[in-house]
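This briefing walks through a few local features of one protein model, grouped by topic for reading beside the coordinates.

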Amino acid sequence: MNARLDLMAGPVAAKTMKHIIAAGKVLAESTLPFATQELVKLRASQINGCAGCIDMHTKDAAAGGETSVRLNLVAAWREATVFTEAERAALELAEQGTRIADAAGGVTDEAWANAAKHYDEEQLAALVCTIALINAFNRGNVIIQQPAGSYQPGQFA
């Protein structure tokens, strides 16, 4: 399987992708915990059906010390007992922020308030930006049918 388009081949797409990747590096340096960032990216990617990002964030999270149990339970986080209350709040925000088109009201006040109980303003900003950024990556990868499976942890670091 090959992608429909190489986003790094043309000047416009390559320049755009470099800016998006740079934004991801800024978020990686934020005070939002690494595990939270990876869990949120993984959950949004599952919802969006982005195999490339699921491959990447599963492997990066595992390389960063995340357990296979937690990674395998991200899709069913509501019923899983392995996530902290803060992680659960972040996963809820990620789901609602990813499924905006499914709910006329967007992200609920309840989901926002719950996340705000666990994260300070800077971390909330990083969480919102992480959700927005992974959705942008997901959409690009799904549109071009980016194949998955060959990613190596830290490959784009």
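This is a predicted model: local features need pLDDT of at least 70, side-chain atom pairs count only at pLDDT 80 or more; totals for chains, interfaces and linings use all residues.

Helices here are DSSP runs of H or I with at least four residues, numbered from the N terminus.

**Helix 7 and its ends**
- Helix 7 covers residues 121-144, and because its 24 residues at 1.5 Å a residue should span 34 Å, the 35 Å between its end C-alpha atoms agrees with that expectation.
- At the start of helix 7, a side-chain oxygen of Asp 120 comes to within 3.1 Å of the backbone nitrogen of Glu 122, while just after the helix Gln 145 adopts a positive phi of about 55°.

**The largest pocket**
- The largest pocket has a volume of about 1000 Å³, and of the 38 residues that line it, Ile 21, Met 56, Phe 137, Tyr 151 and Phe 156 are the closest to its centre.
- Helix 1, helix 2, helix 3 and helix 7 each give two or more residues to this lining, with helix 3 giving the most, at seven residues.
- By class, the lining has 20 nonpolar, 12 polar and six charged residues.

**Thr 36**
- Thr 36 lies in helix 2 (residues 34-48) and counts as buried because its relative accessibility is 4%, under the 20% cut-off.
- Leaving aside residues up to four places away in sequence, Thr 36 touches Glu 87, Ala 90 and Tyr 119.

Key:
Residues are numbered from 1 along each chain as its sequence is written. Side-chain values use heavy atoms; hydrogens and water are left out. Buried means under 20% relative accessible area, exposed over 50%, partly exposed in between (1.4 Å probe, protein chains only). Contact means heavy atoms within 4.5 Å. The expected span of a helix is 1.5 Å times one less than its number of residues. A polar contact is a pair of N or O atoms within 3.5 Å; within protein, one must be able to donate a hydrogen and the other to accept it, and residues adjacent in sequence count only if both atoms are side-chain atoms. On a 1 Å grid over the protein atoms alone, a cavity is a set of points where a 1.4 Å probe fits but cannot get out, and a pocket is an open set with protein on both sides within 12 Å along at least five of seven lines; lining residues have an atom within 4 Å of a point. Grid points are joined across faces, edges and corners, and a volume is the space filled by probe spheres set on the points. Ala, Val, Leu, Ile, Met, Phe, Trp, Tyr, Cys and Pro count as nonpolar, Asp, Glu, Lys and Arg as charged, and the others, Gly among them, as polar.
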